[in-house]
Amino acid sequence: MAATMLKRNLWRIAGIVALALGAIGAVLPLLPTTPFVLLAAFCFARGEPAWHAWLLRHKVFGPLIAEWEARGAVPRRAKWMATIMMAASFGISALLIRNNAVWYAGISMGLVLIWLWRRPE
């Protein structure tokens with residue numbers, strides 16, 4: 001019983017952290033929003049079903065989460081927004097930061113975009 005409660009609390013905490021990072025990502029260009037909201041939904045489904053249901057009812061994120069959970073699908077608009085934001089982030093970083101780390105970040109972004117565009121819509 002105690003182990004089950006500990007697990008649920010850990011899932012809740014992970015969900016809260018993921019949702020907070022997603023909210024921060026809505027403001028900061030280098031931090032993505034959607035993956036953190038999806039992660040929060042995943043965590044809440046295991047730790048706090050009521051919060052998972054709240055996310056599914058959310059006007060903006062609900063349909064995205066439902067499609068992801070049902071088919072692993074990402075809407076075309078979200079794919080384009082991610083592409084534009086990553087390109088802008090990489091471009092700004094490349095101009096402002098003279099370090100090889102920018103290129104590693106660019107390669108990582110490119111790999112994420114390849115994966116993203118291969119997802120169903």
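**Reading the helices of a predicted model**

Student: How far does helix H5 reach from its first C-alpha to its last?

Tutor: Helix H5 (residues 76–96) has 21 residues and reaches 30 Å, close to the 30 Å expected at 1.5 Å a residue. Before going on: this is a predicted model, where local features need pLDDT of at least 70, side-chain atom pairs count only at pLDDT 80 or more, and totals for chains, interfaces and linings use all residues. Residues are numbered from 1 along each chain as its sequence is written, and side-chain values use heavy atoms, with hydrogens and water left out.

Student: Which residues in H5 are buried?

Tutor: Go by relative accessible area with a 1.4 Å probe, protein chains only: buried is under 20%, exposed is over 50%, and partly exposed is in between. In H5 the buried ones are Lys-79, Ala-82, Thr-83, Met-86, Ser-89 and Ser-93. They sit on the same side of H5, because they cover an arc of only 140° around the axis (the arc of the directions from the helix axis to the C-beta atoms). The face turned away from that buried side carries exposed Arg-77, Leu-95 and Leu-96.

Student: Why would residues three or four places apart point the same way?

Tutor: An α-helix has 3.6 residues a turn, so residues with that spacing point the same way.

Student: And what covers the buried residues of H5?

Tutor: Helix H6 (101–117) is included in that cover. Contact here means heavy atoms within 4.5 Å. Turn to H6 and its cover includes H5.

Student: Which are the buried residues of H6?

Tutor: Val-102, Met-109, Leu-113 and Leu-116. As for length, the 17 residues of H6 should span 24 Å, and the end C-alpha atoms are 24 Å apart, which agrees.

Student: At what angle do H1 and H3 pack?

Tutor: Helix H1 (residues 2–25) and helix H3 (residues 49–57) come out at about 30°, with axes 11 Å apart. That makes H1 roughly parallel to H3; the classes are under 35 degrees for roughly parallel, over 145 for roughly antiparallel, 65 to 115 for roughly perpendicular, and oblique for the rest. Arg-8, Arg-12, Ile-16 and Leu-19 in H1 meet Pro-49, Trp-51, Trp-54 and Leu-55 in H3.

Student: At what angle do H3 and H4 pack?

Tutor: For H3 and helix H4 (residues 61–71) the angle is about 110°, with axes 5 Å apart. That makes H3 roughly perpendicular to H4. From H3, His-52, Leu-55 and Leu-56 meet Phe-61, Gly-62, Ile-65, Ala-66 and Glu-69 in H4.

Student: Finally, how many helices and strands are in the secondary structure of the protein?

Tutor: Helices are DSSP runs of H or I with at least four residues and strands are runs of E with at least two, numbered from the N terminus. The protein comes to 6 helices and 0 strands. Its C-alpha trace spans about 55 × 30 × 20 Å along the principal axes, and 27% of the 121 residues count as buried.

Definitions and conventions
Axes fitted to C-alpha atoms, helices over the stretch in contact; angles between N-to-C directions. Expected span 1.5 Å × (residues − 1).
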